[in-house]
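Please look over the sequence and the model shown below before reading on. The briefing that follows takes up confidence, helix packing, sheets and the contact of the chains in turn.

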Amino acid sequence: MSDTIAVPNKLPAARGRYRIGDHLTAFGPLIALVVLLIIGGLINESFLSSANLSNVLTRSALIGIIAIGTTFVITAGGLDLSVGAMSALVAGLMIMFMNFAAATLGTGWATVLTGIAFALVLGTMTGLVNGLLITRWRIEAFIVTLGTMGIFRSLLTYLSNGGSISLESGLRSTARPIYYGTLLGIAYPIIALAVLAAIGEFVLWRTRFGRHCAAVGSNADVARYSAINVNRVRIATYILQGLCVAVATLIYVPRLGAATPSTGVLWELEAIAAVIIGGTVLSGGYGRIWGTIVGVLILGLIQNVLNLTSWFSPHLNGSIQGAIIILAVLMQKGRATR
Amino acid sequence: MLKNLRSLLSIGAITLAGVLTTSPSAMAEKAKIGVSIPAATHGWTGGLNYHTKRTVDALKKAYPDLEFVITTADSATKQVNDIEDLVAVQKINALVVLPFESDPLTEPVKEAKKQGVFVATVDRGLSEEGIEDLYVGGNNPEYGRIAADYFKKKLDGKGKIVVMRGIPTAIDNIRIDAFKKALEGTSIQVLDMQYANWNPDKGFEVMQDYLQRFPQIDAVWAGDDDAALGAVEAINQAGRAKGMTVLGGSGMNKVIKRIMDGDSLIDADIFYPPTLIIPAIGAVAMKFAVGAPVSGRWVLGSPLITKENAKQYYFPESPY
């Protein structure tokens, strides 16, 4: 489906002439990130402080972990619009489950760990539902996940009665370090993001499953003729996405200890935007996790920079964000789409 | 149920008590009342939905001749459709509407009124005067003014504060303007105002960035209790809770509980309750149930909630 799309990872030699621009475009998102860091540093001196960068990185870990799964889904030619609503639902159910379990297991780690296991199972199941609907019933991924987005979100709204589902205070203090705790001065969510990104990059580039994802996304028919079980690969990417959402939820819940109908609104678009900014091809066939992480950081830093300055009316924040996203993608397309 | 009825009665006391005792023989009328409100997109509207539902349940039980239809809309466009359907399909006799936005809802409500529907608007008015028969609302300028007065007193007339705005709407503008006006002439400096959308996650992030940017912050006006709870977490994380004051607004039960328990960061709240839908529905129901003449404007106060009076604003069962 995407065999006509220019793929930026092709070796420069493959297109005949060597051009320095090809290297520039491959690292486009990284350059955008560096430029953003420099601008931020000029705007406000506290921007480059370790405390501020730690805040932004920790915040970005939520979308970052989700976006790792999104990279797989998109690389395999799929799309998942339900991740934001799924995060909200998993968060809500996880909190309700832990509050319930606390009655027998107490408010210690025993309950929190069962809650974590519960969330991971739930994420897997919701991802599986998306995957099965798309592959077995052959409904467009866009429609399936648009549908489940509505279903997940309204289930959460129903369960919370439109308000918030809060974690019991005892459990909150137990779980709090998951978001706020540090190891050697680095917050746990940042470590989790780094480790998962490394694993993701390895799986995508160094395992059979990863290569199958790219093959399916590049041309599903060819992949099928090459004896790849296309449906199984696709389902696996949605399950992976569900798992990533669940892991992000594990970090989200300890932060404020509550899930509300506004939890995770538009996270799906942020995740997809990060993936595309990072250089993954929206129509599938090529993906890279490091690019996705850079994309997530760009999105997180823009918001942060805007909060650190009074230069612009806050009414215009969205337009600046939009302009930078387009510029970041433009930098990597550059010559390829001339 | 009894508790629900009681709080309903206490809030709608004037209408209910007056009507119930003075006109016991008035003929009960069969009527259909449409209630159109925004869907639960943030905490406050969640509370609004909760109180709407329990009010309608209580009234249905008390007046079996009354029929209620509740619709919730997640956008102004959807609400316009809802109202058109209520009038044309459901053939309602009365409409209680909390407009998503004033401008787009004015025409459809006017049309309903033209069809002979009794109209009560809640919280937000319409952009044209004289359409509604009854208006029940909170006092938005007072909301901003009370917040400013609180900081003047709390900070002794001088200090540095940061403000979080809500969702960009007319209501938010009115509150912020009144707030700024009330602070004029004092030595209280507003360092910055960013939108936090009345949302805890956004409140957390905006507060983290404020704390990075400004070495000295004496107080935060988060504009809403959801956002305030997010801000509190960011302040605790940065270890800057000492000497800091956080004020939210609108009366979320979790926050009122904190005030009752003597929290060191949050010691007050501004009442702007989602319960204001209760007297509106109540008054309209009385019009049909017992033939009470109700019309005019009913503006509920936005008093400051402190430890002394917190108990009367506390609804532990509400989702907000």
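An axis here is a line fitted to C-alpha atoms, for helices over the stretch in contact, and angles run from 0 to 180 degrees between N-to-C directions. This is a predicted model, in which local features need a pLDDT of at least 70 and side-chain atom pairs count only at pLDDT 80 or more, while totals for chains, interfaces and linings use all residues. Residues are numbered from 1 along each chain as its sequence is written, and chains are lettered from A and ligands numbered from 1 in the order in which they are written. Helices (H or I, at least four residues) and strands (E, at least two) are DSSP runs, numbered from the N terminus.

**Confidence**

- The predictor gives the complex an ipTM of 0.73 and a pTM of 0.80.
- Within chain A, the lowest mean among the elements, 58, belongs to helix α1 (residues 20-26), and the highest, 96, belongs to helix α9 (residues 188-206).
- Chain B averages a pLDDT of 83, with 91% of the residues scoring at least 70.
- In chain B, confidence is lowest in helix α2 (residues 13-22), at a mean of 43, and highest in strand β8 (residues 219-221), at 95.
- Over residues 1-27 of chain B the pLDDT is below 50, and this stretch has 30 contacts in the model beyond near neighbours in sequence, a contact being two residues whose C-beta atoms, placed from the backbone, lie within 7 Å.

**Two packed helices in chain A**

- Two packed helices are described by the angle between their axes and the distance between the axes.
- Helix α3 (residues 50-75) of chain A packs against helix α14 (residues 289-307) of chain A at an angle of about 145°, and their axes lie 9 Å apart.
- Among the residues that make this contact are A:I63 and A:G64 of α3(A), together with A:V296 and A:L297 of α14(A).
- The residues of this contact divide into nine nonpolar, six polar and one charged, where Ala, Val, Leu, Ile, Met, Phe, Trp, Tyr, Cys and Pro count as nonpolar, Asp, Glu, Lys and Arg as charged, and the others, Gly among them, as polar.

**Sheets in chain B**

- Six strands of chain B form an open sheet with parallel pairing, in the order β2-β1-β3-β4-β5-β11, and two strands pair if DSSP finds at least two bridges between them.
- The edge strands, each pairing on one side only, are β2 (66-73) and β11 (296-299) of chain B.
- Strand β5 (residues 134-137) of chain B runs parallel to β11(B) and is joined to it by four bridges, with B:L134 standing opposite B:G296.
- Strand β6 (residues 158-165) of chain B pairs in the parallel sense with β7(B) over seven bridges, and β6(B) also pairs in the parallel sense with β8(B) over three bridges.
- B:I161 has B:V190 as its bridge partner in β7(B), and in β8(B) the bridge partner of B:I161 is B:A219.

**Contact of the two chains**

- The contact takes 31 residues from chain B and 27 residues from chain A.
- On the side of chain B that touches chain A, α3 (43-62), β7 (187-195), α8 (200-213) and α9 (225-238) of chain B each supply at least two residues, and the largest share, nine residues, comes from α8(B).
- The residues of that side of chain B divide into 10 nonpolar, 14 polar and seven charged.

Note on methods: pLDDT is the predictor's confidence in each residue, from 0 to 100.
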